[in-house]
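These are my notebook entries on one structure. I recorded what I looked up, entry by entry, together with the cut-offs behind each term.

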Amino acid sequence: IKRNPHESEFHQAVKEILDSLTPVFAKHPKYMKNGILERIVEPERVVSFRVPWVDDNGKTQVNRGFRVQFNSAIGPYKGGLRFHPSVNASIIKFLGFEQIFKNSLTGQPIGGGKGGSDFDPKGKSDNEVMKFTQSFMTELYKYIGPDTDVPAGDIGVGGREIGYMFGQYKRIRGGHEGGVLTGKGIIYGGSLTRTEATGYGCVYFVNEMLESKGLSFQDSTVVISGSGNVSIYAIDKANQLGAKVVACSDSNGYIYDPKGINLQTVKRLKEVERKRISEYVDEHPHAVYTEGCEGIWSIPCDIALPCATQNEIDEEAAKTLVANGVKAIGEGANMPSTLEAIEVFLGNNVLFGPAKAANAGGVAVSALEMSQNSMRLSWTFEEVDAKLHGIMKNIYQNSVRAAEVYGHSGNLVVGANIAGFIRVADAMLAQGVV
Ligand code: NDP
């Protein structure tokens with residue numbers, strides 16, 4: 001805390017991991033040696049830079065850009081870029097730290113990194129988004145590359161932003177280094193299933209948890225926060241598995257549709273028209289819109305998938321979910337539950353899929369996009385989806401096994417943290433003190 005003052009989100013993420021690792025140190029003291037812990041919590045590199053751009057009124061705007069290259073023990077840095085006004089060093093460091101263990105859990109050769117800017121894409125014209133992203137990439141390009149650091153999307157960064165950034169990178173560097181970014185459009189090197197991957201992967205993971213208790217998505221009631229990339233495809237896959245998703249949200253409020261959310265309306269409003277979720281009720285007047293997003297967790301459900309942002313479920317919201325009989329939580333967003341909320345879920349035997357494991361499908365398919373770019377191949381939707389499904393099952397099984405081996409049977413928070421840590425720590429030990 002003294003070393004990183006004012007970085008509460010980063011402290012929270014580190015505390016969750018370190019608390020889980022106690023049984024590993026007790027069983028294998030080698031992980032206490034060579035400064036593994038001291039090194040793993042210190043990013044290999046942090047870059048912070050000015051992003052100047054000119055808006056549609058001719059006014060010069062200045063935002064702040066970040067890239068945290070946290071750990072490259074098992075592969076090139078890999079992790080998304082977030083454009084949101086709340087972005088600061090603490091948020092990017094917490095996301096980068098989590099990414100190390102998540103990427104390790106996928107079993108693929110990718111290290112951990114994250115980046116972004118306090119730029120707010122909301123309400124900006126296409127031209128302004130392009131101007132900003134071009135300026136952002138004009139600095140970022142110095143630090144990234146297909147074998148060095150491969151950014152992707154996150155909150156506020158989707159296909160449009162990746163496209164503009166890729167165009168600018170190509171213009172500066174020359175050539176077509178397809179593998180420098182993932183989440184690209186299909187016609188210029190993207191992978192099928194990448195758009196769906198995080199949401200689908202989260203539902204695949206939760207399905208494994210449910211099946212272990214003889215439960216399923218079929219006929220269950222589901223609440224999913226957010227209405228962005230992760231939420232939309234979590235709704236899609238939950239529907240495919242026979243569930244009824246009754247609520248979703250954006251940063252202004254949430255909608256409750258007892259007949260089941262109409263996904264086509266949400267997709268059009270959010271992906272095409274870039275409007276607010278409140279407009280859903282104009283087309284579906286039987287649905288109810290409520291201002292403010294916290295209330296979404298008071299809607300009774302069997303399964304809750306927080307897919308918006310960090311710390312969106314606090315202790316009180318967790319208690320409400322439990323009182324209403326929730327059976328499973330799958331974290332589609334990064335760190336959406338506070339440490340106190342996680343205690344409530346685990347203490348009440350709610351099946352709990354932590355973000356590192358449950359939302360790893362996005363980065364897993366990003367790594368598959370990198371493989372396809374290197375091989376100059378494009379796999380079909382079905383091929384990539386089958387690989388994604390297999391990876392999510394593996395992550396689940398490895399997390400279950402690690403929890404068992406280290407005496408915390410059924411606790412996937414501990415299991416995922418340990419399974420992710422051991423691979424990275426072994427690689428760090430093998431490579432000496434660097
Ligand atoms: P999007 O920008 O596509 O969507 C984010 C959604 O969450 C929007 O509905 C947004 O509402 C809402 N939201 C954002 N910030 C807040 C806030 N402070 N309070 C309430 N609601 C908020 O992002 P993604 O779907 O890509 O990301 C969602 C989460 O999933 C993030 O935690 C991200 O880190 C995580 N994640 C994403 C992956 C991916 O592949 N995209 C991979 C792994 C994790 P509004 O429209 O009003 O902004």
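**Entry: Leu210.** I looked up Leu210 and found it in helix α6 (residues 194–211); helices here are DSSP runs of H or I with at least four residues, strands are runs of E with at least two, and both are numbered from the N terminus. The model is a predicted one, in which local features need pLDDT of at least 70 and side-chain atom pairs count only at pLDDT 80 or more, while totals for chains, interfaces and linings use all residues. Residue numbers start from 1 along each chain as its sequence is written.

Not counting residues up to four places away in sequence, Leu210 touches Leu215, Ser216, Phe217, Ala328 and Leu351. Two residues are in contact if their C-beta atoms, placed from the backbone, lie within 7 Å. I also noted that Leu210 and Ile303 are 93 residues apart along the chain, with 9.7 Å between their C-alpha atoms.

**Entry: Gly199.** I stayed in helix α6, which also holds Gly199. Gly199 is buried, since it has 28 other C-beta atoms within 10 Å. With neighbours within four places in sequence left aside, the contacts of Gly199 are Val230, Ser231, Ile232, Tyr233, Ala234, Asp236, Lys237 and Gly332. Between the C-alpha atoms of Gly199 and Ala360 I read 9.7 Å, although 161 residues separate the two along the chain.

**Entry: the nonpolar core.** Which residues have the most contacts inside the largest nonpolar core? They are Phe205 and Ala234, in a core of 129 residues. Such a core is a set of buried Ala, Val, Leu, Ile, Met, Phe, Trp, Tyr and Cys residues joined through C-beta atoms within 7 Å. Helix α15 (residues 412–430) provides the largest share of this core, 10 residues. The core lies between domain 1 (8–176) and domain 2 (196–353), because both give residues to it.

I followed up Ala234. Apart from neighbours within four places in sequence, Ala234 is in contact with Gly199, Cys202, Val203, Ile224, Leu305, Cys307 and Gly332.

**Entry: the two domains.** The domain assignment of the chain lists domain 1 (8–176) and domain 2 (196–353); such bounds come from an automatic or database domain assignment. Taken over C-alpha atoms, the centres of domain 1 and domain 2 are 26 Å apart. Their contact takes 10 residues from domain 1 and 7 residues from domain 2. On the side of domain 1 that touches domain 2, α1 (8–27) and α3 (89–105) each supply at least two residues. Helix α1 gives the most to that side, with 5 residues. By class, that side of domain 1 has 4 nonpolar, 2 polar and 4 charged residues. Here Ala, Val, Leu, Ile, Met, Phe, Trp, Tyr, Cys and Pro count as nonpolar, Asp, Glu, Lys and Arg as charged, and the others, Gly among them, as polar.

**Entry: Lys93.** I looked up Lys93 and located it in helix α3. Lys93 counts as buried, because it has 24 C-beta neighbours inside 10 Å. Residues up to four places away in sequence aside, Lys93 touches Glu7, Phe10, Pro43 and Val68.

**Entry: the ligand.** How many residues surround the ligand? I recorded 25, the closest being Gly228, Ser251, Ala308, Ala333 and Gly362; a residue is near a molecule or strand if its C-beta atom, placed from the backbone, lies within 6 Å of it. The shell around the ligand divides into 6 nonpolar, 17 polar and 2 charged residues. Helix α7 (residues 229–240) gives the most to this shell, with 3 residues. The ligand shell lies between domain 1 (8–176) and domain 2 (196–353), because both give residues to it.

**Entry: positive phi.** His6 is not a glycine, yet it has a positive phi of about 65 degrees. His6 lies in the segment before α1. Asn311, also not a glycine, has a positive phi of about 55 degrees. Asn311 is in the loop between β10 (303–305) and α10 (315–323).

**Entry: confidence.** The chain averages a pLDDT of 97, and 100% of the residues score at least 70; pLDDT is the predictor's confidence in each residue, from 0 to 100. For the complex, the predictor gives an ipTM of 0.98 and a pTM of 0.98.

Conventions: Buried ≥ 20, exposed ≤ 12 C-beta atoms within 10 Å, placed from the backbone.
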